[in-house]
Amino acid sequence: EIVETYGTGALTMRTLAASAGVASGTVYNYFENKEEVLLLLTESYWQGALAELKSVLRPGKFTGQLQQVFEFLRERIGEEGGVLMGSLGGVRSAGRERMRGMQSAVEEELALRLEQDASIRPGTWTAEFTRERFSEFVFENMLCRIRGGESEIGFFLEAVGRILYGEQA
């Protein structure tokens, strides 16, 4: 509530304790510092966002689902999720490791969606060119575009469509 209402700068161990109605020492029994609290908040936020993403993706061509994923992530990174991720200064390496786990979950979901897309041309996948590696490639490219402030990914979707379907998406 503190972060949502006043921002990450307003969160201190003392304000957290007061908000929870406990002594500051009690908070320190669970968290070493503010950064650990922010890391937990960030992880919790993205777990919820990923569950929501899975529930809102509509069946269909993979490229259509990618458009949905892009819009969803762009919105979340532009909102609280991005603010929380940017606040992880003191625990950046631990934060990166946990966020990598979240990225892996998205990549797994993308690989599953690729497996379910019956319109992907036969012979696309090989021992080297796997759904999993392609999912990682696609996700990393989407994140770069989001971080770069792009608002549309038409060219990217067409490139993915030509790889998967052999034609324009």
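Predicted model: local features only at pLDDT ≥ 70, side-chain atom pairs only at ≥ 80, totals over all residues.
User: How many helices and how many strands are in the chain?
Analyst: Read along the sequence, the chain follows the pattern α-α-α-α-α-α-α-α-α. The count for the chain is therefore 9 helices and 0 strands, helices being DSSP runs of at least four residues.

User: What percentage of the residues of the chain count as buried?
Analyst: A residue is buried if its relative accessible area is under 20%. The chain has 169 residues, and the share that count as buried is 37%.

User: Which residues of the largest nonpolar core touch the most other members?
Analyst: This core has 30 residues. Helices α4 (34-56), α5 (62-78), α7 (92-116), α8 (131-147) and α9 (154-165) each supply at least two of its residues. The residues that touch the most other members are Phe-62, Leu-66, Met-142, Val-160 and Leu-164.

User: With which residues is Leu-66 in contact, leaving aside its neighbours within four places in sequence?
Analyst: Contact here means heavy atoms within 4.5 Å. With its neighbours within four places left aside, Leu-66 is in contact with Leu-110, Val-138, Met-142, Ile-153, Phe-156, Leu-157 and Val-160.

User: Is Phe-134 buried or exposed?
Analyst: Phe-134 belongs to α8, where the buried residues also include Ser-135 and Val-138. Its relative accessible area is 3%, and the cut-off for a buried residue is under 20%, so Phe-134 is buried.

User: What kind of aromatic pair do Phe-129 and Phe-134 form?
Analyst: A search of the whole structure finds 5 aromatic pairs. In the one formed by Phe-129 and Phe-134, the rings are 5.5 Å apart centre to centre, with 50° between the planes. Stacked planes are under 30 degrees apart and edge-to-face planes over 60, so this pair is tilted.

User: Which residue lies over the face of Phe-72?
Analyst: Over the face of Tyr-165 lies Lys-61, at 4.2 Å from the ring centre. For Phe-72, at 3.9 Å from the ring centre, the residue is Arg-76.

How values were computed. Residues numbered from 1 in each chain as written. Heavy atoms only, no water. Phe/Tyr/Trp six-rings, centres within 6.5 Å; stacked < 30°, edge-to-face > 60°. Buried < 20%, exposed > 50% of the residue type's maximum accessible area, 1.4 Å probe, protein only. Lys NZ or Arg CZ within 6 Å of the ring centre and 35° of its normal. Core = buried A, V, L, I, M, F, W, Y, C linked by side-chain atoms within 4.5 Å.
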